[in-house]
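Colleague: I would like to learn how to read a model like this one. Can we go through it feature by feature?

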Amino acid sequence: MELTWLSAILVGAGYLAFGYFIGSQYPPRFLFSHRLLTKPKDHSLLNDNDTKKKNSKSKHKDPLEIEQLADILDDFKMILVVRNDLKMGKGKIAAQCSHATLGLYKKLLYRAPKALSRWEMSAQPKVVVKIESEEDMLALQERAKSLKLPSHITIDAGRTQIAPNSRTVMAILGPVEVVDEVTGGLKLL
């Protein structure tokens with residue numbers, strides 16, 4: 001009986017040592033992004049032209065101001081503003097809302113990760129409202145920008161129901177109270 005316990009402990013210790021060895025030699029790429037595992041390059045050796053080229057091609061911009069709100073406010077939501085004057089079908093609206101959600105998500109992934117995390121922890125609420133014209137949508141976007149809320153407008157390719165380059169749906173994300181200041185008067189779709 002004591003021999004089986006001893007052998008189980010030895011086998012367990014062997015697996016633990018083997019796992020430690022494998023983990024130290026081959027970092028777990030499936031748990032962490034490759035960017036997190038690699039060290040940033042030292043740009044001090046580059047001349048000014050190289051630095052400007054490097055910065056102009058960089059996808060990582062400065063963090064958005066909404067990050068500060070994510071530290072103090074808990075409830076975040078996303079509003080999807082659909083242009084009613086385009087008379088899109090239900091499937092088209094669903095596709096355009098998906099594009100707008102993904103577009104805003106990608107925009108916030110590196111520039112406002114705390115805000116995105118707050119939204120995700122709030123169960124990712126999304127509310128779809130309608131607006132009557134492109135001009136009204138652009139005015140709404142300006143209002144969102146004035147309150148430092150991130151937004152994304154989806155522009156359709158024009159392959160199916162509507163004209164090319166039509167602005168179809170705008171996504172806005174932020175604290176519930178601030179987002180409601182921008183879109184509070186709009187009707188649900």
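Colleague: How many bridges join strand β1 to strand β2, and do they run parallel or antiparallel?

Modeller: Ground rules come before the count. This is a predicted model, where local features need pLDDT of at least 70 and side-chain atom pairs count only at pLDDT 80 or more, while totals for chains, interfaces and linings use all residues. Residues are numbered from 1 along each chain as its sequence is written, and side-chain values use heavy atoms, leaving out hydrogens and water. Strands (E, at least two residues) and helices (H or I, at least four) are DSSP runs, numbered from the N terminus. Two strands pair if DSSP finds at least two bridges between them. Here β1 (residues 76–83) and β2 (residues 126–131) run parallel, joined by six bridges. R83 stands opposite I131 in β2.

Colleague: Which strand pairs with β1 in the antiparallel sense?

Modeller: That is β4 (residues 167–175), over seven bridges. V82 stands opposite V169 there. β2 also has an antiparallel partner, β5 (residues 187–188), with two bridges. In that pair, K130 stands opposite K187.

Colleague: How many residues of β1 are buried?

Modeller: Buried means under 20% relative accessible area, exposed means over 50%, and partly exposed lies in between (1.4 Å probe, protein chains only). In β1, eight of eight residues are buried. F76, M78, L80 and V82 point one way, and K77, I79, V81 and R83 point the other way. Across the chain, 29% of the 189 residues count as buried.

Colleague: Why does G185 count as exposed?

Modeller: G185 counts as exposed because its relative accessibility is 75%. G185 is in the loop between α8 (176–183) and β5. Its C-alpha atom is 9.6 Å from that of V129, though the two residues are 56 apart along the chain.

Colleague: Which residues form a nonpolar patch on the surface?

Modeller: Patch residues have over 30% relative accessible area and no salt bridge; nonpolar side chains (Val, Leu, Ile, Met, Phe, Trp, Tyr) are joined within 5 Å, like charges within 9 Å. A salt bridge puts a side-chain nitrogen of Lys or Arg within 4 Å of a carboxyl oxygen of Asp or Glu. Accessible areas come from the Shrake-Rupley method with a 1.4 Å probe; for residues, only the protein chains shown count as cover. Here F18, F21 and I22 form the patch, with about 300 Å² of accessible area together. F21 is found in helix α1 (residues 2–25). F21 is partly exposed because its relative accessible area is 46%.

Colleague: How many helices and strands are in the chain?

Modeller: There are eight helices and five strands.
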